Amino acid sequence: MNNVTITNNTSQGEGGGIFKESTTSINVGNSIIAGNNANNNTNDDCSGTFDSLGYNLIQVITGCTING
C-alpha cells in the first residue's frame, strides 16, 4: 500500500482501519491510518504485523507490529 489514506472506518472486531491475519506480508509506505474505530475498543487503527516502507502516520499502534 503506497500513498493510501485509511480513516473513519469501524470494525466489529480488531483493526478498525486495517487487519492482517495471514502470514502474507503487507508493505505500507507514505500512508495515513488514523481515526478508525474497533468496537472492542482495542487495536483501533490496525491489527497484525506490517512492513513499513517509511513516511507513515498511524495514530493508534496498539495491536500492531511495524517492521522497518
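Analyst: Ser31 is buried, with a relative accessible area of 2%. Buried here means under 20% relative accessible area, exposed means over 50%, and partly exposed lies in between, with a 1.4 Å probe and protein chains only. The model is predicted, so local features need pLDDT of at least 70 and side-chain atom pairs count only at pLDDT 80 or more, while totals for chains, interfaces and linings use all residues. Residues are numbered from 1 along each chain as its sequence is written, and side-chain values use heavy atoms, with hydrogens and water left out.

Ser31 belongs to the loop between strand S4 (27-29) and S5. Strands are DSSP runs of E with at least two residues, helices are runs of H or I with at least four, and both are numbered from the N terminus. A polar atom of the Ser31 side chain lies 2.9 Å from the backbone oxygen of Gly29. For a polar contact, a pair of N or O atoms must be within 3.5 Å; within protein, one must be able to donate a hydrogen and the other to accept it, and residues adjacent in sequence count only if both atoms are side-chain atoms.

Leaving out residues up to four places away in sequence, Ser31 touches Met1, Asn2, Asn3, Val4, Tyr55, Asn56 and Leu57. Contact means heavy atoms within 4.5 Å.

Asn30, in the loop between S4 and S5, has a positive phi of about 50° although it is not a glycine. Asn30 is partly exposed, at 46% relative accessibility, whereas Ser31 is buried. Tyr55, which Ser31 touches, sits in the loop between S7 and S8. The phi of Tyr55 is also positive, near 60°, and Tyr55 is a residue other than glycine. At 74% relative accessibility, Tyr55 counts as exposed.

The strands come next. S1, S5 and S8 form an open sheet of three strands in the order S1-S5-S8, with parallel pairing. Strand S1 (5-7) and strand S8 (57-58) stand at the edges with a single partner strand each, so one side of each has no neighbour in the sheet. Two strands pair if DSSP finds at least two bridges between them. S1 and strand S5 (residues 32-34) run parallel and are joined by three bridges. Within that pairing, Ile6 stands opposite Ile33 in S5. In a regular strand the side chains alternate between the two faces of the sheet.

Asn27 has Asp51 in S7 as its bridge partner. S7 has other pairings: two bridges join it to S3, in parallel, and four join it to S9, also in parallel. Phe19 stands opposite Ser47 in S7, and Phe50 stands opposite Ile66 in S9.

The disulfide joins Cys46 to Cys64, with an S to S distance of 1.7 Å. Cys46 is in strand S7 (residues 46-54) and Cys64 in strand S9 (residues 64-67), so the pair links distant parts of the chain, 18 residues apart. Cys46 is buried at a relative accessible area of 1%, and Cys64 is buried at 14%. The count comes to one disulfide.

Over the whole protein chain, the secondary structure comes to zero helices and nine strands. The radius of gyration is 11 Å, close to the 11 Å that the globule rule gives for 68 residues, so the chain is as compact as a globular protein of that length. That radius is taken over C-alpha atoms, and the globule rule is 2.2 Å times the number of residues to the power 0.38. Along its principal axes the C-alpha trace spans about 30 × 25 × 15 Å. Buried residues, a group that includes Ser31, make up 32% of the 68 residues. Of the contacts with a separation of 6 or more, 63% are between residues 24 or more positions apart.

Key
Disulfide = S-S within 2.5 Å.
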